[in-house]
Amino acid sequence: MKRHIPLWVGPLATAVLYVFCFPRFNAGGWLGWVVLVPFLLAIPRWPLKKALIAGGLAGFGAHLGTLYWVYPTCRWGGVGIGVSALALVSLSAYLALYWSAFAAAVKAGEEMKTARPFFLAAAWVALEYLRAHLLTGFPWLPLAGSQWLVPKHLPLAAIGGAHAVSFMVALFNGALALAIDGRLRGEKRWARPAVPALLALVGLTAWSVALWRHPPAEGPALRAAIVQGNIDQYKKWDQNYEDEIVAAYTALTRTAAQESPALIVWPETAVPGWIPNDVKYLEWVAGLAKAARIPILFGAVSRQAGRDYNAAFLMSPAGELIGQYRKRHLVPFGEYAPFQKILGRLDGVLSALGAFDAGDEASVLAGPVPLGVSVCFEGLFPGLVADFSRAGAKVLVNITNDGWYRDNAAPEQHFSANVLRAVENGRWVLRAANTGISGFINPRGEILAKTALLTAAVLPGPLTATDRPTFYVRHGDWFAGGCCLIVLLGAGKALIQKRRRPFPAASR
């Protein structure tokens, strides 16, 4: 007597495997290519209503496991146990809706044969694209991010963005699931329907290899130094610790200057005051730049024309502010609080800072090379970062303060997004983080150097300009848009076929 594996095992297996694809486990280099297979095998065997529930539960488990750090982060910020748990559960439940939608796409593609893997891969990409934009967007850990430690899997991001890599991985999952399903059904030519998808993957792989062998041309090699202050988040806005913070950055900056880099980079909100409002802090940074004769790129909060910004500034070797960028994409419940009257008291530190305003321009800073500086969360958004390249930036910088997370998976998950941005833009990415992870990433997505977590450090590395914009920079999210169109056409066709299907004859 044959034993059948319960259907619920498939979505559960995918949820568990999904967690292992990303930091801290980082098994996605190989696991990402099979992670969706159990899900794709189980969902078609359920009626639609149960499939939606199963899909949602799989997504809830997957995101609960990857975003577990939300709970301790809230607790460290002084938020109560109940509200901290609610934050994690609510975010995971919201993201689970996209998995339910993917389950609906799996059901819609049931009667497709050779087109099915393509339709499912397009559906996954379309939902990632929607997740990156709906309700201000949360593009944390796309399927492409499972490949962040395998740069040879990433070159297609220069053509279609990270979405193209997600498509490639999802397509392989779909083709493998289709072949296995045929085998389980006892079909004589069980692998035949998957052949077109596998041939397409061969073509995409060949294209990817060709791109890998022809990296972007680079300009003269300069040097930069990243300063990682490792200032505890809950000291940053306490006046009792201002002298300690100033002393730490002064000592680290002097150490960095000994190698005569062309640029020194500090993290987000490294200055414990408002720039240019607090003159003493402005003079402090200016004095360090003048003494070292090196420009300093640094993060600070800023109050200008009655508006508050989270900003990046460039201080010249002459001690003059010669550029600034004001953060455009703010973090909900971090830098501004929806429903302020109800939720504004959840985190005492954030409430003390108040709500920030968003900037409106992808300002390029005129350093030793033109710099495009994203701040923290902004590094997750492909289109936003590409705006800097379109505006003329030849090197990308991401400054962040991940001190909120302390020592869990979130800093490494956050860092991994910058690998995708480097390949998409064909640019070096310098990342400066308060408590880590800081690093240098080349245009092929290779991490040349990085720091450890919770360590004060000076990290030297290349400051090398690249001029040529990638296809993705020139044309944006054309690939994701195409996937959305494929899904609409495929879903529409499936709906029409369903309505045309005759009702079963009544029994006599």
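Analyst: The model is predicted.

User: Which residues of H4 are buried, and what do they pack against?

Analyst: The buried residues of H4 are Ala51, Ala54, Gly55, Gly56, Ala58, Gly59, Ala62, His63 and Thr66. They pack against helix H1 (9-20), helix H3 (37-42), helix H6 (81-108) and H16.

User: Why are H15 and H16 called oblique to each other?

Analyst: Helix H15 (residues 382-390) and helix H16 (residues 410-425) pack at an angle of about 45°, and their axes are 10 Å apart. Angles under 35 degrees count as roughly parallel and those from 65 to 115 as roughly perpendicular, so at about 45° the two helices are oblique to each other. The crossing in which H15 passes H16 is right-handed. On the side of H15, Pro382, Val385, Ala386 and Ser389 take part, and they meet Arg421, Glu424 and Asn425 in H16. Sorted by class, this contact has three nonpolar, two polar and two charged residues.

User: What makes H11 and H12 roughly parallel?

Analyst: Helix H11 (residues 242-257) packs with H12 at an angle of about 15°, the axes being 10 Å apart. Since angles under 35 degrees count as roughly parallel, H11 and H12 are therefore given that label. H11 passes H12 in a right-handed crossing. From H11 the contact draws on Glu242, Val246, Tyr249, Thr250, Thr253, Arg254 and Ala257, and from H12 on Lys280, Tyr281, Trp284, Leu288 and Ala292. These residues divide into seven nonpolar, two polar and three charged.

User: At what angle do H7 and H9 pack, and which residues make the contact?

Analyst: Helix H7 (residues 116-131) and helix H9 (residues 162-184) pack at about 140°, with 8 Å between their axes. The crossing of H7 past H9 is right-handed. H7 contributes Arg116, Pro117, Phe118, Ala121, Ala122, Trp124, Val125, Glu128 and Tyr129, while H9 contributes His163, Ser166, Phe167, Ala170, Leu171, Gly174, Ala175 and Leu178. By class, the residues of this contact are twelve nonpolar, three polar and two charged.

User: Why does leucine 31 count as buried, and what does leucine 31 contact?

Analyst: Leucine 31 is found in helix H2. Its relative accessible area is 6%, and because buried means under 20%, leucine 31 is buried. Leaving aside neighbours within four places in sequence, leucine 31 is in contact with Leu17, Phe20 and Cys21. The C-alpha atoms of leucine 31 and leucine 17 are separated by 7.2 Å, although these residues are 14 residues apart along the chain.

User: What makes tryptophan 76 partly exposed?

Analyst: Tryptophan 76, whose place is in helix H5 (residues 70-76), has a relative accessible area of 32%. Buried means under 20% and exposed over 50%, so tryptophan 76, at 32%, is partly exposed. Not counting residues up to four places away in sequence, tryptophan 76 touches Tyr234, Trp404, Tyr405, Arg406 and Asn408.

User: Where do cysteine 376 and leucine 454 lie, and how do you know whether each is buried or partly exposed?

Analyst: Most residues other than glycine have a negative phi. Cysteine 376, not a glycine, has a positive phi of about 55°, and its place is in the loop between strand E7 (370-375) and H15. Because its relative accessibility is 10%, cysteine 376 counts as buried. Leucine 454 also has a positive phi of about 55° without being a glycine, and it lies in the loop between strand E11 (447-450) and strand E12 (457-466). Its relative accessibility of 40% is why leucine 454 counts as partly exposed.

Note on methods
Residues numbered from 1 in each chain as written. Predicted model: local features only at pLDDT ≥ 70, side-chain atom pairs only at ≥ 80, totals over all residues. Heavy atoms only, no water. Axes fitted to C-alpha atoms, helices over the stretch in contact; angles between N-to-C directions. Helix = DSSP H or I, 4+ residues; strand = E, 2+ residues; numbered from the N terminus. Parallel < 35°, antiparallel > 145°, perpendicular 65-115°, else oblique. Left-handed = near helix turned anticlockwise from the far one by under 90°. Contact = heavy atoms within 4.5 Å. Nonpolar A, V, L, I, M, F, W, Y, C, P; charged D, E, K, R; others polar. Buried < 20%, exposed > 50% of the residue type's maximum accessible area, 1.4 Å probe, protein only.
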